[in-house]
Amino acid sequence: LEVWGVFDDTDAYQEVFSKYQEINPFIRQITYRKLSPETYKEDLLSAMASGKGPDIFMMGNTWLDGFKDKIVPAPETLASEKEVRDGLVDVVAEDFIPEDKKVYALPLSVDSLGLYYNRDLLNAAGISAPPTTWEELNAMIPRLTHLDQFGNLRQSAIALGTAYNVNRSTDILLSLAYQRGATFDANSGFNDLHMVQAFGDYTQYALSGSSLYTWNPRQHFSIDAFYEGTAAMMVNYSWHYQTIKQKNAKFNFSVSPLPQFAGSKPVNFANYWAFAVAKNKSLPEVRPGELPTVPSAKYQEIRANESWQLLRYLALPHSEKAITIRNFLAGTSRNFAVPSDPALAYLTKTGKPAARRDLIDTEKGDVKLAPFALGNLIARSWKPGNPEAVETILAEGIDSVNKGERGASEALSVIQNRFIQFRSQR
């Protein structure tokens, strides 16, 4: 079996793959290939079209609409809707179990947004704890925002409000919209008064006339401004925790849960990768006498089942510490002990927040992971079909408000029209 992914190095999987090969005697080899995130989607689609792609591949949590015809859902016996809903956080079912109730992908980790804060800057401002609500955060802005004599920002309370110098700005905007109560539809898009409200919530931090003005497009990129000490707070995912540590090892910062609006239902936003099984792959070249040959259709069936059998082992909990392994060629099955938890081994190696509910409990006491693990329990996502195109539309709308070309309501109207046009051309 060949597995393709991004970001993770090979050593993230060496232990779990080796142990699976010990458990499953029918698998001769499992290889992992790390591809460049910049060209991953293009490289993956090209390889799959030629039949030279992987058996298992990582896909973004918003990709299902564009990949559904290229992947094989799990057989009911290997991953059911009930097992996913019982064992993993809710957003996984939201993303990968569509109307047909089949499971199309499984993650080992889910990530959601957290509030990164500079402990030294908050201490110096007399702030004893990070904000838990947006109202508390807004009250802190005058104490953490410093302007020079010319009105230029020397220190920002938080890196928010703009499109291009705030990492994952559109995800943050959508998290605010969900917190405000917005509902999105893949066809109707952004035609929601709560979205208009959230758009104003977000962009007000970059409006010079606003009482909450604390950021603008001229500031350094949000991650850089944060570790440089010119932004007291930023909103981001867990994977940038290590980025900041590497940039400034002595930086005194922490992470807390994403602020919510007081009195509203708590909601976070998810951005993560899951494993899916490719529908087709060319028959491997086999030397005479090495293995029995099988018809192409049978090969695809066996390959897909063996791939899903591996994903079941990796991603779903094994409460009995055992797994049933089936030889799909011979049609026989055997039970094997699972002496160690593969998902836990992967998460320990990579330092990522868990997708499994039972493992979130083990991360609640972790200084780094707790805010993100808890955020995963309330995370939502949105699947617009072409996430890159929609992110561009949203970012350009934010930028038009930053430049004073439009107000929030007018910008959302333009975004909505562009979205409808985009959907009609698909």
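This is a predicted model: local features need pLDDT of at least 70, side-chain atom pairs count only at pLDDT 80 or more; totals for chains, interfaces and linings use all residues.
Reader: Why is α8 called roughly perpendicular to α16?

Author: Helix α8 (residues 169-180) and helix α16 (residues 387-402) have axes that come within 9 Å and cross at roughly 85°. Helices here are DSSP runs of H or I with at least four residues, strands are runs of E with at least two, and both are numbered from the N terminus. Axes are lines fitted to C-alpha atoms, for helices over the stretch in contact, and angles run from 0 to 180 degrees between N-to-C directions. Angles under 35 degrees count as roughly parallel, over 145 as roughly antiparallel, 65 to 115 as roughly perpendicular and the rest as oblique. The crossing at roughly 85° therefore makes α8 roughly perpendicular to α16.

Reader: Which residues of α8 and α16 meet?

Author: Thr-170, Leu-173 and Leu-174 of α8 meet Glu-391, Leu-394, Ala-395 and Ile-398 of α16, where contact means heavy atoms within 4.5 Å. These residues comprise five nonpolar, one polar and one charged. Ala, Val, Leu, Ile, Met, Phe, Trp, Tyr, Cys and Pro count as nonpolar, Asp, Glu, Lys and Arg as charged, and the others, Gly among them, as polar.

Reader: How do you know whether Thr-170 is buried or exposed?

Author: Buried means under 20% relative accessible area, exposed means over 50%, and partly exposed lies in between (1.4 Å probe, protein chains only). Thr-170 has 5% relative accessibility, so Thr-170 counts as buried. Leaving aside residues up to four places away in sequence, Thr-170 touches Glu-391, Leu-394 and Ala-395.

Reader: What makes Lys-250 exposed?

Author: Its relative accessibility is 80%, so Lys-250 counts as exposed. Lys-250 is placed in the loop between α11 (240-247) and β8 (253-257).

Reader: Where are Phe-7 and Arg-168 found, and why is each called partly exposed?

Author: Phe-7 lies in the loop between β1 (2-5) and α1, and Arg-168 in the loop between β6 (153-158) and α8. Phe-7 has 49% relative accessibility and therefore counts as partly exposed; Arg-168, with a relative accessible area of 23%, is also partly exposed. Phi is positive in these non-glycine residues, near 75° for Phe-7 and near 55° for Arg-168.

Reader: Why is α1 called roughly antiparallel to α13?

Author: The axes of α1 (residues 11-23) and α13 (residues 342-350) come within 9 Å and cross at roughly 160°. That angle makes α1 roughly antiparallel to α13. Among the residues in this contact are Tyr-13 in α1 and Tyr-346 in α13. The residues of the contact divide into six nonpolar, one polar and three charged.

Reader: How do you know on which side of α11 the buried residues lie?

Author: His-240, Tyr-241 and Ile-244 are buried in α11. They cover an arc of only 120° around the axis, which puts them on the same side of α11; the arc is that of the directions from the helix axis to the C-beta atoms. Their cover includes β4 (114-118), α10 (222-228), β7 (231-236) and β8.

Definitions and conventions
Residues are numbered from 1 along each chain as its sequence is written. Side-chain values use heavy atoms; hydrogens and water are left out.
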